[in-house]
Amino acid sequence: MFAGDLMVSLDRREWERVFDAIPAPTLLLDSEGRVQRANRAAIETLQKPLTEVMGRPCHEVLHGQDQACILCPHAEALACGQLRRGDIFNAQENRIFDAACIPLRNSGGKLLGIIVSLRDVTAWRRNEEALRNSEEQYRLMFEGNPHPMWVFDRQTLAFLAVNDAAVAHYGYSREDFLRMTLKDIRPPEDVPLLLNYMAPSQ
């Protein structure tokens with residue numbers, strides 16, 4: 001326990017009120033990674049009663065597993081004595097926390113434990129994954145389409161990307177395409193109509 005070292009100028013009840021008032025979910029871990037204190041925001045975020053959090057190791061409370069996690073930012077912060085930040089995946093609840101782990105020392109420089117500030121990023125990470133999957137599906141559809149397809153800049157008409165079918169159909173390499181514009185692959189008589197079509201509406 002190291003709570004006494006933290007309360008040099010505050011009595012216990014004052015210190016606990018200050019700790020509970022911190023808006024970010026915050027845990028206080030000892031040098032062995034066991035929870036010594038969890039503020040209200042942490043209890044709400046973890047969705048567990050205080051009795052299931054206090055005194056339990058980080059890997060049970062945050063990772064939802066029976067054994068210590070080597071890659072846990074808390075373990076890294078304890079090992080190096082410096083701030084470490086990273087994702088913590090809770091296998092039991094399928095949740096992801098962004099954790100900032102800050103070493104805590106007494107006035108003599110002794111490492112007492114770690115302050116862990118949490119942020120639930122589950123929805124954000126899932127949205128990122130869904131976006132990556134969507135982009136990959138689009139890329140596969142674009143590259144695999146048997147018809148010539150391209151992406152171009154609407155203002156300059158410069159090609160930004162072309163698929164294999166466009167390369168095969170027009171006989172230009174991808175590098176050639178990226179130095180060209182839509183005007184270069186259209187018959188000269190079609191260019192005025194193309195420019196008129198692409199002109200911004202008034």
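Student: Glutamine 47, is that one buried or exposed?

Tutor: Glutamine 47 is exposed, with a relative accessible area of 63%, where exposed means over 50%, buried means under 20% and partly exposed lies in between, computed with a 1.4 Å probe on protein chains only. This is a predicted model, in which local features need pLDDT of at least 70 and side-chain atom pairs count only at pLDDT 80 or more, while totals for chains, interfaces and linings use all residues. Residues are numbered from 1 along each chain as its sequence is written, and side-chain values use heavy atoms, with hydrogens and water left out.

Student: Where is glutamine 47 found, and what is its phi?

Tutor: Glutamine 47 is found in the loop between helix 3 (40–46) and helix 4 (58–61), and its phi is near 60°, a positive value in a residue other than glycine. Helices (H or I, at least four residues) and strands (E, at least two) are DSSP runs, numbered from the N terminus.

Student: And leucine 157, buried or exposed?

Tutor: Leucine 157 counts as buried, at 4% relative accessibility. Its phi is also positive, near 65°, and leucine 157 lies in the loop between strand 6 (150–152) and strand 7 (159–162).

Student: Switching to the open sheet: what is the order of its strands?

Tutor: The open sheet has five strands in the order 2-1-5-4-3, with antiparallel pairing, and two strands pair if DSSP finds at least two bridges between them. The edge strands are strand 2 (35–38) and strand 3 (84–90), each of which pairs on one side only. Neighbouring strands of this sheet are turned by 30° against each other on average, direction ignored; the axes are lines fitted to C-alpha atoms, for helices over the stretch in contact, and angles run from 0 to 180 degrees between N-to-C directions.

Student: How many bridges join strand 4 to strand 5?

Tutor: Nine bridges join strand 4 (residues 95–105) to strand 5, and the two run antiparallel. Arginine 105 has leucine 111 in strand 5 as its bridge partner, and aspartate 98 is partnered with arginine 119 in strand 5. Aspartate 98 of strand 4 is also the bridge partner of aspartate 87, and strand 3 and strand 4 pair in the antiparallel sense over seven bridges.

Student: What about the hairpin of strand 4 and strand 5, which residue takes a positive phi?

Tutor: In that hairpin, which has five residues between the strands, glycine 109 takes a positive phi near 90°. The hairpin of strand 3 and strand 4 has four residues between the strands, and there asparagine 94 takes a positive phi near 55°.

Student: Now helix 5, which residues are buried?

Tutor: The buried residues of helix 5 are Pro73, His74, Ala77 and Leu78. They cover an arc of only 140° around the axis, so they are on the same side of helix 5, the arc being that of the directions from the helix axis to the C-beta atoms.

Student: What covers those buried residues of helix 5?

Tutor: The cover includes strand 1, helix 4, strand 3, strand 4 and strand 5, where contact means heavy atoms within 4.5 Å. Helix 5 (residues 73–80) runs at about 145° to strand 3, and glycine 81, whose phi is positive, near 75°, follows helix 5.

Student: Last one, what is the mean pLDDT of the protein?

Tutor: The mean pLDDT is 86, and 93% of the residues reach 70 or more, pLDDT being the predictor's confidence in each residue, from 0 to 100. Over residues 1–9 the pLDDT is below 50. Where pLDDT is low, the predicted coordinates should not be read in detail.
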